[in-house]
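Please view the sequence and the structure before reading on.

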Amino acid sequence: MSERDTICALASGQPPAAICIIRLSGDRIWKIAGALLDCGLPEPRRATLTRFRDEDGNMIDEGLVVFMPGPHSYTGEDTLELYLHGGPAVISHAISTLTSEPGVRLAEPGEFTRRAFEAGKLDLTEAEGVADIIEAETDAQKAQALRQLSGGLTEQYDRWRAELTGILALIEVVVDFPDEDDAPEETTAPVLRKLNNLIGDIEAALGDRGIGEKIRDGFRIAIIGAPNAGKSTLLNRLAGREAAIVTSRPGTTRDVIEIRRVMGGQVVWISDTAGLRETDDEIEAEGVRRAERVASEADLRVFMVDGSAPDLSVLSSPYRLPTDIVVVNKADIDMAANLPAYDYKISAKQGEGVPALETALSEFISGKASSVEAPVITRARHRVRLVDGLACLIAARDALELGTGPELAAEDVRMAIRHLGAVVGAVGVEDVLGAVFSEFCIGK
Ligand SMILES: Nc1nc2c(ncn2[C@@H]2O[C@H](COP(=O)(O)OP(=O)(O)OP(=O)(O)O)[C@@H](O)[C@H]2O)c(=O)[nH]1
Ligand SMILES: [K+]
Ligand SMILES: [Mg+2]
């Protein structure tokens, strides 16, 4: 008997639905099958029509069952999939029947995939890809998730680890045969060359401007401007709903208000912010601080100026980049003479000029998303480990160059291998597994 529970869960979406899928993994399947399935445990990997029964012999439903014996199943364990009618009563009857069996319980989020990971069916980046493809809303997210779940990241990280293992072997030769006369030049030069190539590769990967993470989590646009420029009015128009309060009183918006949209094929978070000005009001001052933080973190800033009464001070914001957009608002009323140079003139209130602005925002985002091909970092977790790994490699290079000792260099390379190994889940991951799998949905 296994010490491990058999897990079960509804793997399909919310009822009611035409069909639901209930999934079981673990060796209690053998115990359950006799009473549950009129057909008995079916032939492996063959859909079999059967009646399903509860512990008292009452019929639950009629449907299909597929048996996938381990180790050739998703989890590596014996697995049973039941295809039933997707009604709430059927589902609860089936689930309560299954979980009434000792040793069978409801699965936790991601537990099937966690078992697959533990059985060596996929590594941690591939498991993350599974979570991502379920969440994917845009084609770009889907493509990135597919690449990841089919081993696109694994391949890269494994290649780096293999190169490092080779470098480590070369350094260990120097450590084992410390011939003081010829050690420095002859033996360290090729090691340094390999190490420098790898450092360059990892630096290039880290220089991806976070595109992989942004494709997954969303790009950021901040609307910035003086009080009453019409920022909240524009946000509401872009949202297609009254997301933010609009009044004629300057200083209306204090908190950052975010809306989520798909633009240029990407998920985009657009933030409305407090109007930037000096203020004695404590709440508004905090709003201004938040606005500045959001402005500094965004991929793109829309600087908004009230064309009827331009306040140009925001245009000298320290966060302004050449790619940012200046918008003159309130084009429906009389414009002042001292308008700044601008990219778009709009009426946030009436809508004129807004479609052209939206097109520009979409083009900016899609251009940014496609500026990096196949990023190998799609989560902060990967970046943190890669940054730490790079630091170790730089320390190793220094140790070799300064001749402070190949032993130190070897230790640094070993640490770097551990950091890269943690990304794919080969080592030191006990602490992150819970976090990675808890964001899955139940049944996957
Ligand atoms: N005529 C005209 N009025 C506008 C336009 N856009 C906004 N307004 C008006 O300008 C005033 C301020 O608009 P808001 O959207 O609250 O401006 P804001 O920049 O968010 O203001 P704060 O949150 O206070 O910084 C409101 O009375 C709006 O109706 C516009 O395009 N044309
Ligand atoms: K206002
Ligand atoms: Mg506002």
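## The shell around ligand 1

Helix H9, residues 231-239, supplies the largest share of the shell around ligand 1, namely three residues. The model described here is predicted. The residues around the ligand number 24, and those that come nearest are Gly230, Ser232, Thr253, Gly275 and Lys349. Sorted by class, the shell holds 13 polar, seven nonpolar and four charged residues.

## Helix H9

Helix H9 is mostly covered, as eight of its nine residues are buried. These are Lys231, Ser232, Thr233, Leu234, Leu235, Asn236, Arg237 and Leu238.

After H9 comes Gly240, which has a positive phi near 75 degrees.

## Two annotated positions

Which residues does UniProt list under "binding site"? The unreviewed entry gives Ser232 and Thr253 under that name. Although they span 22 residues in sequence, no two of their C-alpha atoms are more than 7.6 Å apart, so they gather at one spot.

Ser232 is placed in helix H9, whereas Thr253 belongs to the loop between H9 and E8. Is Ser232 buried or exposed? Ser232 has 24 other C-beta atoms within 10 Å and is therefore buried, since the cut-off for a buried residue is 20 or more. Thr253 is likewise buried, because 23 other C-beta atoms lie within 10 Å.

The contacts of these residues, leaving aside neighbours within four places in sequence, can be set out in turn. Ser232 is in contact with Ala244, Ile245, Val246, Thr252, Thr253 and Asp272. For Thr253, the contacts are Lys231, Ser232, Ala244, Asp272, Thr273, Ala274, Gly275 and Gly287.

Asp306 has Asn329 of E11 as its bridge partner. Strand E11, residues 325-329, is mostly covered, with four of its five residues buried.

E11 is also joined to strand E12 (residues 344-345), by two bridges, and this pair runs parallel. Here the bridge partner of Val327 is Tyr344 in E12.

Technical notes
Residues numbered from 1 in each chain as written. Chains lettered and ligands numbered in written order. Predicted model: local features only at pLDDT ≥ 70, side-chain atom pairs only at ≥ 80, totals over all residues. Near = placed C-beta within 6 Å. Nonpolar A, V, L, I, M, F, W, Y, C, P; charged D, E, K, R; others polar. Buried ≥ 20, exposed ≤ 12 C-beta atoms within 10 Å, placed from the backbone. UniProt positions renumbered as here; feature names shortened; annotations may be inferred. Contact = placed C-beta atoms within 7 Å. Pairing = 2+ DSSP bridges.
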